Amino acid sequence: MVGYDPRADGRNISNFEVAVAGSVSGLVTRALISPLDVIKIRFQLQIERLSRSDPNAKYHGILQAGRQILQEEGPTAFWKGHIPAQLLSIGYGAVQFLSFEMLTELVHRASVYDARDFSVHFVCGGLSACAATLAVHPVDVLRTRFAAQGEPRVYKTLRDAVATMYRTEGPLVFYKGLNPTLIAIFPYAGFQFSFYNSLKHMYEWAMPAEGKKNGNLKNLLCGSGAGVISKTLTYPLDLFKKRLQVGGFEQARVTFGQVRSYRGLLDCAKQVLQEEGARGFYKGLSPSLLKAALSTGLVFFWYEFFCNLFHHMRTANSQP
């Protein structure tokens with residue numbers, strides 16, 4: 001069970017174990033879905049239409065983009081920025097799941113609300129994601145810069161990137177795109193947690209008795225469904241975040257096509273609408289939904305797996 005459940009007090013694991021489970025689930029998932037993340041970011045940053053009919057478009061499909069990145073930059077390009085991405089996943093997973101467990105328990109003990117309600121999971125999921133975002137946003141900016149740059153590389157190493165960005169753009173560069181990130185992450189994570197819980201209840205209601213025994217499959221499927229629903233509902237804000245995070249980084253983007261500068265969230269939304277139309281808000285949606293299904297499903301799958309593992313280890317050690 002993700003979040004505090006008064007009926008499951010028997011599954012007694014510590015806050016440290018919750019944080020470890022969140023970290024490891026993020027680490028494993030990030031390594032598996034990194035190629036889709038790189039393609040998604042390239043799509044989001046492309047001004048030209050994602051269509052074969054546009055001769056200036058560098059990318060126009062997932063398979064075509066994958067082949068082109070492989071030919072031009074080699075297989076390691078699919079893991080560009082992987083070190084900051086892993087730091088992001090480990091830190092984010094630990095803070096998010098620990099905060100969510102603590103917040104849902106706090107709600108249960110301090111109010112008349114049921115800690116398992118959709119609305120409680122939505123608010124607690126959103127707040128826990130905001131806390132995690134504030135903790136790791138600088139690493140997210142670094143990850144986006146690494147994934148966005150082509151060849152030759154502007155940043156050779158993580159240390160070089162930090163030093164160069166700080167020297168040329170100042171300390172606030174590490175919080176570029178924070179406003180749209182927080183605006184987007186609250187409903188996105190809130191929907192993730194609340195739909196995950198709701199889909200699990202629907203799964204248990206719809207599945208015959210023998211099918212309920214496979215809890216791992218349930219966690220994977222319900223996590224994937226929650227990821228797809230959440231990403232679809234909040235996707236434009238994710239696109240704005242990526243566009244703002246590469247502001248001041250235009251010289252590394254010239255080989256990919258047109259580049260734009262934005263003065264803020266509203267200006268970014270206005271320019272995208274004027275130049276790219278309403279469909280521009282959903283550039284990169286296909287790889288993003290595929291990534292969301294895999295990443296959210298795997299994150300919840302591995303989190304529940306490791307929580308159950310820690311619980312069984314504690315139970316075994318406590319037996320005489």
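Visitor: Are Tyr196 and Phe300 buried or exposed? Please take that pair as the part to examine.

Guide: Tyr196 is buried, and Phe300 is buried as well. Keep in mind throughout that this is a predicted model. The setting comes before the pair. The protein chain has nine helices and zero strands, and 53% of its 320 residues are buried. Of the contacts between residues at least 6 apart in sequence, 79% join residues at least 24 apart.

Aromatic pairs come next. A pair of aromatic rings is described by two quantities, the distance of the centres and the angle of the planes. Over the whole structure, a search finds 18 such pairs. One of them is formed by Phe122 and Phe191, with ring centres 5.0 Å apart; because their planes meet at 55°, this pair is tilted. Phe122 belongs to helix α4 (residues 118-148) and Phe191 to helix α6 (residues 178-206), so the link is between distant parts of the chain, 69 residues apart. Your pair, Tyr196 and Phe300, is stacked, at 4.0 Å centre to centre and with 5° between the planes. This pair, too, links distant parts of the chain: Tyr196 lies in helix α6 and Phe300 in helix α9 (residues 285-318), 104 residues apart. Tyr196 and Phe300 also belong to one aromatic cluster, together with Phe97, Phe100, Phe193 and Tyr303. A ring can also take part in another kind of arrangement: the charged end of Lys231 sits over the ring of Tyr188, 4.5 Å from the ring centre.

Ser99 is found in helix α3 (residues 82-110). Its relative accessibility is 17%, and it therefore counts as buried, the cut-off being under 20%. The side chain of Ser99 reaches the backbone oxygen of Val95 at 2.7 Å. Beyond its neighbours within four places in sequence, Ser99 is in contact with Ser128 and Ala131.

Helix α5 (residues 158-169) has 12 residues, which at 1.5 Å a residue should span 16 Å; the C-alpha atoms at its ends are 16 Å apart, in agreement. Gly170 follows α5 and has a positive phi, near 85°.

Helix α2 (residues 62-73) also has 12 residues, and it reaches 16 Å from its first C-alpha to its last, close to the expected 16 Å. Gln64, Ala65, Gly66, Gln68, Ile69 and Glu73 are buried in α2. The buried residues of α2 pack against α1 (15-45). After α2 comes Gly74, with a positive phi near 85°.

To return to the part you asked about: Tyr196 and Phe300 are both buried, and their rings are stacked.

How values were computed. Residues numbered from 1 in each chain as written. Predicted model: local features only at pLDDT ≥ 70, side-chain atom pairs only at ≥ 80, totals over all residues. Heavy atoms only, no water. Helix = DSSP H or I, 4+ residues; strand = E, 2+ residues; numbered from the N terminus. Buried < 20%, exposed > 50% of the residue type's maximum accessible area, 1.4 Å probe, protein only. Polar contact = N/O pair within 3.5 Å; in protein donor to acceptor, adjacent residues only side chain to side chain. Contact = heavy atoms within 4.5 Å. Expected span 1.5 Å × (residues − 1). Phe/Tyr/Trp six-rings, centres within 6.5 Å; stacked < 30°, edge-to-face > 60°. Lys NZ or Arg CZ within 6 Å of the ring centre and 35° of its normal.
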